[in-house]
Amino acid sequence: MDNVPAYDLVRTVVLCPMPSTNYRVIACYLFLFLRMPVHTRSIRGTSGVGRFPAVTLGFGEDTEEEKEVPEESNSVKENACRRWLRKVCPCCCPKPNDDDITNTLVTGADDKEDGTNGEKPETGDRQLDELLLKVRSIDLMKSKSGENRTEHHTNLYQRDDFVIRRGQTFQMWITLSRPFNPSTDKIHLQLKTGPLPSVSKGTLVTIPLVEELEDGRWKAAVVRQDGKRIMLSVNSPPTAAIGRYQLTVETHCANGQAVSNHDPANDIYLLFNPWCEDDAVFMDSEVERQEYVLNDIGRAYYGTENQIGERTWNYGQFDDGILAACVFVLEKSGTPPSGWGDPVNVVRVISAMINSPDDGGVLEGNWSGDYSAGTSPTVWSGSVEILKQYHKTSGSPVKYGQCWVFACVVTTVLRCLGIPSRTVTNFSSAHDTDVSLTTDVYLDENLEPIDCLNADSIWNFHVWNDCWMARPDLPPGYGGWQAVDATPQETSQGTYRCGPASLAAVRNGQVYLKHDTPFVFAEVNSDKIYWQRNIDGTFSQIFSEKQSVGHFISTKAVGTDERNDITNLYKYSEGSEEERIAVETACSYGSKAQAYSSSTAKDVTIEVTMDGDGPEMGRDAELTIVLRNSSSEQRTLTLHGQVAVMYYTGVNKATVRKDRTDVDVLPNEVKYLEWTLEYKDYKDQLIDQAALMLTLSGRVKETQQVLATQFSFRLRTPDLIIKPIGAAVVGEKMAVEISFTNPLPQVLKAVVFHAEGLGLLTSRKIHYGDIGSRASVSLTENFVPTLPGPRKLLASLDCKQLTQVHGVADITVGDKSNGTR
């Protein structure tokens, strides 16, 4: 081929029968060789290489001089050729793989490789790069005092994250590499959430620029331009999935496109929006939004219906790190983020994730009385420490919780995510285990309880939550407050969770409406039915109580620390026609629809009463049994009584006394029997809540009427007295004095005090030691307030001999900058 013309050679190669990719590459190289400058080169034995004197084709050997040319120099020349060829024919000479792997996608971006002799072609990559529209910086204006945070009611979140609410507009600045030209340039935002973002599922969102924003859709509009800076106004739909989104910005112009790098500092936390009318959690009362979304302090009630105790709780939903912990709880659930736009789904997930049995949730429940492997449930006085510990340990359940702890943590999480929520306590709360919608008590032939059959129980109190939302999945009229319970009692669809159950459905006995309405109904309005075992082993109904369950359902009042009784939201007035209809409606769907006993004689009644606030811990407990005979004849009965120490859940720990009394009641007489339980009888058996239950049963000899009742009570514990010392000013040291008197005639061993207060001091444990019998002690704690305004300092005491001791002090902190008090 020595005399073949060069272009004929190219044509010959192109027409050769070989794979298309190979001959196209060779043709391109030959075309390149034709265009390269000619210079003299010594080649031995290859005198006739046509018109390609500057190329060594490997037909001969290089001279020694040529072998000494450094490889780096040859490499530079070769790289320059390849770059030129890549521009002429990119399909044949693609960009090397190393150049393809970048964090930012840029078409026409700079290669920053110098050409031969350090010169760059006139149409080089650097000039092309300068013509691109690139994002230099993003400013989300996320200051707590800025317009975005204040307009979205997220300025209370202590961390400088960008926290906004869905269904509302926010503003942001973008700084570009050159001024934005709306006629030739295009920009859109991209948001991603979850492990597998998807456009169809709403977890991969592209937000285009438009002339005017539209409600209910992801849109953005330029509202201001200042040189290279543009301000965007961005709108989100009120149904968007809540959670943490990654933000990037993509630009397009005539010279190519560019995508900004993801910066975690620009992540967006999107929350539910009770201020948006189109959001499912919209609440139209501002004072209720302030209470149920923005208030970070609350109260939980406990005890018995006759002795309602209260304790203050730090929800702390705005504390630094709590929002990230709440989002982590959602992520830990493994549920797809595409479902996080529906508050029904989110509440159901949170209900399951706050307990730990089947999903490694936040709190491990413990009702054993042995808390040596963790923290006693009565010690906690806030949710912050619990949620931070769970997040810090990457999802290791925190030890330990009981119902009020589960409920208070749920309140924290829901308020943090933007769902209005409150903590609710039900006294004499039934736990129905067989979906009968009745609470069944089984007695033997001698009217003694049969423990192995008494699976149903009535807790002295039980704490759960109400949350506020629309219920488009139910018939109209069932939105508003919904009951949700995170205490692991019974499973729902295979998982320990409960709710949300519409309070309207519970009130009307419509237990066929989801979720878990039958269980909630039984808690507040089931009838208590007594069964007696017959000689042949069968059981007969002997008595029923229709007003023994669901009393004084309580929550903190809006705007004050008073207790608000919301029983009327859960049930009609006891004994009213509406209430009986609701019970009959509900029980018709239960597993014992025909379980109602026939009428029995009611001329003798029995009840138990208690004077004042009830007995104190460390002293004898005194009650009164009242028998009334409304007939004109004498009645004789044998009264069986037993008193048991029990867990607040209604499970007996130990029976501490039994007795039997024969009583004669004259016609139309009201007889009062004094009943006393001495301290020595119960002192060694008490557990967390110091709760006891007196069970009375009997039969009237003349009529065979059965009498039965149960009365639960607790032994009151003293409060801690907290007294501030000195003025409270941000940044200035102050102190408080905590005082306590031991009510027991015995030494309290290894006493631990626990103190905390949002904006005052972080959670602190003080290992005090022993406190003598009936002794009074005080201790002083110093701290430096960090936030101004009205604050609450909480303290609690814990030891093996005495629990449920706590106190609270109101402290108004002045702002040092202006000297206010």
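These legends walk through several close-up views of a predicted model. Local features are taken only where pLDDT is at least 70 and side-chain atom pairs only at pLDDT 80 or more, while totals for chains, interfaces and linings use all residues. Residues are numbered from 1 along each chain as its sequence is written, and side-chain values use heavy atoms, with hydrogens and water left out.

View 1. Aspartate 267 sits in the loop between β9 (256-259) and β10 (268-271); helices (H or I, at least four residues) and strands (E, at least two) are DSSP runs, numbered from the N terminus. What aspartate 267 does have is a 2.8 Å polar contact, side chain to side chain, with histidine 262. A polar contact is a pair of N or O atoms within 3.5 Å; within protein, one must be able to donate a hydrogen and the other to accept it, and residues adjacent in sequence count only if both atoms are side-chain atoms. Setting aside neighbours within four places in sequence, the contacts of aspartate 267 include Phe162, Tyr245 and Leu247, where contact means heavy atoms within 4.5 Å.

**View 2. Helix α9 and its surroundings.** Of the 11 residues in α9 (322-332), 9 are buried, among them Cys326, Val327 and Phe328. They pack against β2 (162-165), β8 (243-253), β10, α10 (343-353), α11 (384-392) and α12 (403-417). Just past the helix, look for glycine 334, with a positive phi of about 80°.

**View 3. Helix α11, seen through its buried residues.** Val384, Ile386, Leu387 and Tyr390 are the buried ones here. Their cover includes α9, α10, β13 (363-365), β14 (398-401) and α12. Serine 394 follows α11 and has a positive phi, near 60°.

**View 4. Aspartate 296, in the loop between α8 (286-294) and β11 (297-304).** With a relative accessible area of 18%, aspartate 296 counts as buried. Its C-alpha lies 9.9 Å from that of glycine 382, 86 residues apart along the chain. Beyond neighbours within four places in sequence, aspartate 296 touches residues including Trp313, Tyr315, Leu758 and Arg791.

**View 5. Helix α14 and the β22-β23 hairpin.** Helix α14 (517-525) has 8 of its 9 residues buried, so the rest of the structure largely encloses it; Phe519, Phe521 and Glu523 are among those buried. Strands β22 (527-533) and β23 (539-545) pair antiparallel over 6 bridges; pairing takes at least two DSSP bridges between strands. Tyrosine 530 has phenylalanine 543 in β23 as its bridge partner. Between the strands are 5 residues, and glycine 537 in the turn has a positive phi of about 95°.

**View 6. An open sheet of 3 strands.** The order is β33-β34-β37, with antiparallel pairing. At the edges are β33 (721-725) and β37 (776-783), each pairing on one side only. β33 and β34 (734-741) pair over 5 bridges, and isoleucine 725 has alanine 735 in β34 as its bridge partner.

Notes: Buried means under 20% relative accessible area, exposed over 50%, partly exposed in between (1.4 Å probe, protein chains only).
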